[in-house]
Amino acid sequence: MAASITVSLPDGSQRELDERATGADLAAAIGPRLAKAAVAVTVDGTEWDLSSPLPDGAAVSVVTGNTAEGRRVLRHSTAHVMAQAVTRLWPGASYAIGPAIEDGFYYDFDLPGGAHFSEDDLGRIEDAMRAIVAEDQPFVREEHSVSEGLQIFGDQPFKVEIIQGVDSSEGAGEGVVSAYRNGGGFVDLCRGPHVPTTGRLGHFKLQKVAAAYWRGDEHRPQLQRIYGTAWESKAALEEHLQRLEEAEKRDHRKLGAELDLFHFPPEIGGGLPVFHPKGGLIRKLMEDHSRAEHERAGYDFVYTPHLAKSTLFEISGHLGWYKDGMYPPMEMEGATYYPKPMNCPMHILIFNDRLHSYRELPIRLFEFGTVYRFERSGVLNGLLRVRGITQDDSHIFCTQEQLAGELASLLAFVLRLLRTFGLTEFEAELATRPDKSVGSEEEWAAAEAALRAAMEAAGIPYVVADGEGAFYAPKIDVHVRDAIGRRWQVSTLQVDLQMPQRFDMSYVGSDNERHRPWMIHRALFGSIERFFGILVEHYAGAFPTWLAPVQVQVLPVRDDHHAYAFRVADRLRAEGFRVEVVPADEGVGARVRRGRLAKIPYLLVVGDEDVEAGTVGVNSRGAQRPDKGVAVADFASQLAAEVVAHLAPAAP
RNA sequence: GCCCGAGUAGCUCAGUUGGUCAGAGCAGGCGCCUUGUAAGCGUCAGGUCGUCGGUUCGAAUCCGACCUCGGGCUCCA
């Protein structure tokens, strides 16, 4: 009997190993560097521990710490170490779940006596974790029957609940649960895999404490959560922490105050911003651009009120399924009024006001409609989550034959608009029919197929979120990546399978019969407030010239250059640019500094030489040195070219 | 709503164990300076130290409640 096995590697090669050889043995056989970087293996697509013997004939690949999968293993193992540290410091603590998440991990605990963590505890816990890492404890996998598992975790109520919920679809197999035991007497129920020993960890940082409900349910016990992050190397950890710092610098609330764009007066209430002149101007430019694009794309502009009688929301169904998200009612002259949470019912009433012919379709109604939604105080987040939301909202009513074409051109329209704002990386998500839904099988299939075809035509990457659609609509959500790689959901396109029916909408077809129109909801910015916040962070407050509230400042060197400075400013203003003159009450250096801090695209310094030659000294935002002696006419045409360039963003 | 954290001048922050601790810089007003690329000088004004209550001879400082803001609350062993 040959005491060897053969496994195949991702590059297609075969490798012969001793019988009972493990993933660690394989990595070591390939090379010492790989052995050092390895954290787990995948065996026929499933992640395994490095210490498990490999089966003969398996397709194996070694997972290293610098990959997404590898980091997940590192983070998950670090979460275990944290749980062990917490149980050392708080004997009797129960631990619930501790998964790896994007960029880190967390673990939820129930501390004895209802104790809470405070931020000051994080340092102590980190110290205890470092001790455990220094002890280099092995992670030893065990498999048990459910009843054994219940016995082992008898004093861990959350683990017991998890074990009771285990079915054959998860865990180590039917009726089997796996656990990992560390040298320090700590055992945790876990699917694995884990790094071989705690000594493989160490580049981590605990970040914050928070409360979280068991299984996210506010009716269940509240647990104490600690968030942390972990990486494969010190350099990677530091890079991540630096990214967080960069994100903090871009915080739209901070920049919004510094650049005097908007604020949230407590007298008005949480989640209800006011836009200051500069922020208002940016917002107006965004809206103007959007309106111009919609006009070109064949939309009709409508306006609808902020309130409506309860009747409307009974017909629309909002009072049935969305009441918790609505502001409470107002009584007036015997009628009950609600602030609208969505614009769609009102747009439908415009459609329904008279009978339409198929010849008129598609009808595309557009409105910057402000809706009010009652968001719980705890979830408000600057402009990113507000209670007064202005949607760049539109409802398209069309025939079934038009549906696919409308969606395809709509998606192209969305992407063009987003590119104008410097957002060029897209990912879409197609959310399909959930278990509970309205509409027929055929309608859903037709709508989903049309959405899918639109994404194929647009050529953007997408994933299918099975069963994640609203009960009345399949939808496409468009996500963008910003300048520092963060992902934001912005646009949404939904095919509504409910409203046309609720409002008994119809049009007359060529056959002289009544037909039900198809209805598409769509918002491109999503919420203007939110999109504004995303843009502030994306641009780090340095808005491109076409959006900058002040595009140019003219800085006369001395008083006697003022007349020339105003002539330059007037000339640029006459060409439609937004220009300020900053008089020589301060030194040029001080004024340049202010201009840079205000992130103004161009600062023009004008002195003796410029008055003489009809030139300006151009300081472009971000440039190290000024470009002196530029003719005013040249600067003006350059500026004009830059500003119109945004209207024709480069195709992908 | 719940847990953690924070609230001192418009902004950013100092304020040791409760006793000249009510301060600084920026921003603002006024005056001087006339300036060629990231802060010129002087001067003035600004705060019931988030609010209310309590402890104390004495509270920005200690305690309690409340308010506001920030972080987190289904990424499923």
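Contact here means heavy atoms within 4.5 Å. The model is a predicted one, so local features need pLDDT of at least 70 and side-chain atom pairs count only at pLDDT 80 or more, while totals for chains, interfaces and linings use all residues. Residues are numbered from 1 along each chain as its sequence is written, chains are lettered from A and ligands numbered from 1 in the order written, and side-chain values use heavy atoms, with hydrogens and water left out.

Chain A is split into domain 1 (4-64), domain 2 (69-246), domain 3 (343-538) and domain 4 (552-645), with bounds that come from an automatic or database domain assignment. Taken over C-alpha atoms, the centres of domain 2 and domain 3 sit 40 Å apart.

Now for the cores. A nonpolar core is a set of buried Ala, Val, Leu, Ile, Met, Phe, Trp, Tyr and Cys residues joined through side-chain atoms within 4.5 Å; buried is under 20% relative accessible area, exposed over 50%, and partly exposed in between, with a 1.4 Å probe and protein chains only. The largest one holds 78 residues, and Met286, Phe421, Leu547, Val554 and Phe635 have the most contacts inside it. Its top contributor is helix H13 (residues 400-420), with nine residues; helices (H or I, at least four residues) and strands (E, at least two) are DSSP runs numbered from the N terminus. Domain 3 and domain 4 both supply residues, so this core lies between them. Beyond its neighbours within four places in sequence, Leu547 touches Ile282, Leu285, Met286, Phe421, Leu535, Tyr539 and Arg578.

H13 also pairs up with helix H9 (residues 277-296): their axes come within 12 Å and cross at roughly 150 degrees. Axes are lines fitted to C-alpha atoms, for helices over the stretch in contact, and angles run from 0 to 180 degrees between N-to-C directions. On the H9 side, His289, Ser290, Glu293 and His294 meet Phe413, Arg416, Leu417 and Thr420 of H13.

Another pair is helix H17 (residues 562-574) and helix H20 (residues 632-645), whose axes come within 11 Å and cross at roughly 35 degrees. Tyr564, Val568, Arg571 and Leu572 of H17 make the contact with Val632, Ala633, Phe635 and Ala636 of H20.

Finally, Gln498 is in the loop between strand E26 (487-496) and helix H15 (499-502). Gln498 counts as buried because its relative accessibility is 6%.
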